[in-house]
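Please look through the model below with the sequence beside it. The paragraphs that follow lead from an opening in the protein to its helices and then to some details of the backbone.

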Amino acid sequence: MYIVPKLEDYSPAALDKAVQELLTAARQEAEAAAGENEWRAFRDRWMARKNGILTQINDLWLKAAPGPSKREVGARVNQLKVQVEEYVTVAQQRSSGSASKSRLESERVDITLPGIVRPLGAEHPVIKTMNEIVGVFRAMGFSVAEGPEIETDYYNFEALNFPPNHPARDTQDTLFIAGQEKKPQRDRLLLRTHTSPVQIRAMLNQPPPIRVVVPGKVHRADTADATHSPIFHQVEGLAVDTNITFCDLKGTLDHAMKSLFGSNVKTRFYPSFFPFTEPSADVQVTCFKCGGKGCRLCKMSGWIELLGCGMVDPNVFKFVEGNGYDARKISGFAFGMGVERITMLKYGIDDIQLFYQGDVRFLEQFG
Ligand SMILES: [Zn+2]
């Protein structure tokens, strides 16, 4: 603490010298005060009413001064007071200025830093392929229909011309809802094994002509491995009108395969069998890896089997006859394809399980 010297000599010269020393001390302190706290300490040491240096000077110098000198001493004490107040004001401005400067410094935004990148989600590759397939048929005038994943035996098998003892109903292939043994077979609930029951539902909803594609999930009692999954996706299609022929089926699917895989793929139709179409065919396209020369992907055949199709069996129309589907007047074709299989072939993926594991490192490649 600064100790104010007592005055022995009250001559003007001695007073000037003592005042000068005090002012020098005050100026040095003012200049040294950095920041709010030091400024407050400086102000209080000099200007506090009780025990501040100016108060001490008032007591030690002015009150102690002999009568004739009081005037001289009073003038200098006032001068000192004015000067110290000015130092305090200047020091305050400087310290608050530096405080706001340091706050500005700490809150400075560096606009050259890279921004926060929020990763964007992307369509799952299976959904992406499914949308592409649906888009191709929509462009040809097909509308989209959907149906329940829990179906009755009637829609999943019977109305699609599966005979009562057809092996597809076996529990090794089909997942049935438990505890329905008392129900008649056609009412038993199961997880649909294909999207084909929606063909029946669509024809019951709408008299001919009809053109629908049916995307959706299907279920089989398969053990998961690199090429099988108990849940997968299909896109089914149905067109019924007067004078629909196998040529329409070939032309439609050939166009669809070229839209999906490129205009240079060729298609061929290979005899096959499905209960709900007659005649039936498997559609093969030229291998998109080797272009037909033969490679590991196409097992050296040059062809890849992609979908099943055929002309709607007249027996199927019997189940929807009441809604205008008279097999003597109308005809139609149907087709169905596995979305996972097409996605795997399209992107060269060798394990179907990758689609369901949710590994972002795999999925982000399809953004
Ligand atoms: Zn090939």
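A pocket is defined on a 1 Å grid over the protein atoms alone, as an open set of points where a 1.4 Å probe fits, with protein on both sides within 12 Å along at least five of seven lines, whereas a cavity is a set of points from which such a probe cannot get out; lining residues have an atom within 4 Å of a point. Grid points are joined across faces, edges and corners, and a volume is the space filled by probe spheres set on the points. This is a predicted model, in which local features need pLDDT of at least 70 and side-chain atom pairs count only at pLDDT 80 or more, while totals for chains, interfaces and linings use all residues. Residues are numbered from 1 along each chain as its sequence is written, and side-chain values use heavy atoms, with hydrogens and water left out.

By this definition, the second largest pocket has a volume of about 180 Å³. Its lining is made up of Pro119, Leu120, Gly121, Ala122, Glu123 and His124, together with Val360, Leu363 and Glu364. These lining residues divide into 5 nonpolar, 2 polar and 2 charged, where Ala, Val, Leu, Ile, Met, Phe, Trp, Tyr, Cys and Pro count as nonpolar, Asp, Glu, Lys and Arg as charged, and the others, Gly among them, as polar.

The helices come next. Helices (H or I, at least four residues) and strands (E, at least two) are DSSP runs, numbered from the N terminus. Helix H1, which covers residues 12–32, has 21 residues and reaches 30 Å from its first C-alpha to its last, close to the 30 Å expected at 1.5 Å a residue; the expected span is 1.5 Å times one less than the number of residues. For the side chains, buried means under 20% relative accessible area, exposed over 50%, and partly exposed in between, with a 1.4 Å probe and protein chains only.

Which residues of H1 are buried? They are Leu15, Ala18, Val19, Leu22, Leu23, Ala25, Ala26, Glu29 and Ala30. Seen down the axis of H1, these buried residues fall within an arc of 160 degrees, so they line one face of the helix; the arc is that of the directions from the helix axis to the C-beta atoms. An α-helix has 3.6 residues a turn, so residues three or four places apart point the same way. On the face of H1 turned away from the buried side are the exposed residues Ala13, Lys17, Glu31 and Ala32.

Helix H5, residues 125–139, has 15 residues and reaches 21 Å from its first C-alpha to its last, close to the 21 Å expected at 1.5 Å a residue. Its buried residues include Pro125, Val126, Thr129 and Met130, and also Ile133, Val134, Val136 and Phe137. Just after H5, Gly141 takes a positive phi of about 100 degrees.

Asn161 has a positive phi of about 70 degrees although it is not a glycine; Asn161 is placed in the loop between H6 and E3 and is partly exposed, with a relative accessible area of 22%. Gln185 is found in the loop between helix H6 (153–156) and strand E3 (189–191), and at 33% relative accessibility Gln185 counts as partly exposed. Gln185 and Glu158 are 27 residues apart in sequence, with 9.4 Å between their C-alpha atoms in space. Lys299, a residue other than glycine, has a positive phi near 50 degrees; Lys299 sits in the loop between E7 and strand E8 (303–312), where it is exposed, with a relative accessible area of 74%.

The backbone also has cis peptide bonds to look at. One joins Pro208 and Pro209, with omega of about 0 degrees, and Pro209 is found in the loop between helix H7 (197–205) and strand E4 (210–219). The peptide bond from Glu278 to Pro279 is cis as well, with omega near -5 degrees, and Pro279 lies in strand E7, residues 277–286.

Finally, the cysteines can be considered. How many disulfides does the structure hold? The structure holds 0 disulfides, a disulfide being a pair of cysteine sulfur atoms within 2.5 Å. Cys287 is buried, with a relative accessible area of 1%, and Cys290, at 14% relative accessibility, also counts as buried.
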